Amino acid sequence: SIEEAEKLKNAVLLVPREELGELPEGVYYIADLIGCEVFDEKGKTATVNDIRLLTAEERNLVSKAKCR
């Protein structure tokens, strides 16, 4: 019911790693992006050490990254 769903609003959902499904090539779980190196046309510019999801647009700002 909608009332039961409302009780879960803003809850944190934890799923064991072994229960996560396979992703298509080029698609990553957010946790897998930590430690990735970010590059621009001139070379490495940063390493991802934290991710904060604010809007769908901001999730797509970095389109090319090399993960270890």
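In which helix of the protein chain is confidence lowest, and in which is confidence highest? The mean is lowest in helix 3, at 56, and highest in helix 1, at 92. The model is a predicted one, and the protein chain as a whole averages a pLDDT of 79. A score of at least 70 is reached by 78% of the residues.

**Overall architecture**

- The protein chain contains 3 helices and 3 strands.
- Their order along the sequence follows the pattern α-α-β-β-α-β.
- Among contacts between residues at least 6 apart in sequence, 29% join residues that are at least 24 apart.

**Surface and burial**

- The protein chain has 68 residues, of which 7% count as buried.

**The hairpin of strands 1 and 2**

- Strand 1 covers residues 37-40 and strand 2 covers residues 43-47; the two run antiparallel and are joined by 4 bridges.
- Together these strands form a hairpin, with 2 residues between them.
- Asp-40 has Gly-43, in strand 2, as its bridge partner.

- Asn-10 belongs to the loop that lies between helix 1 (2-7) and helix 2 (30-33).
- The phi angle of Asn-10 is near 70°, which is a positive value in a residue other than glycine.
- Asn-10 is classed as exposed because its relative accessible area is 73%, and the cut-off for that class is over 50%.

- Val-48 is located in the loop between strand 2 and helix 3 (56-59).
- With a relative accessibility of 19%, Val-48 counts as buried, because the limit for that class is under 20%.
- Leaving aside neighbours within four places in sequence, Val-48 is in contact with Leu-33, Ile-34, Gly-35, Cys-36 and Val-38.
- One of these partners, Val-38, is 10 residues from Val-48 in sequence, and their C-alpha atoms are 7.1 Å apart in space.

**Two loop residues side by side**

- Asn-10 is exposed at 73% relative accessible area, whereas Val-48 is buried at 19%.
- Asn-10 sits in the loop between helix 1 and helix 2, while Val-48 sits in the loop between strand 2 and helix 3.

Key: Residues are numbered from 1 along each chain as its sequence is written. This is a predicted model: local features need pLDDT of at least 70, side-chain atom pairs count only at pLDDT 80 or more; totals for chains, interfaces and linings use all residues. Side-chain values use heavy atoms; hydrogens and water are left out. Buried means under 20% relative accessible area, exposed over 50%, partly exposed in between (1.4 Å probe, protein chains only). Contact means heavy atoms within 4.5 Å. Two strands pair if DSSP finds at least two bridges between them. pLDDT is the predictor's confidence in each residue, from 0 to 100.
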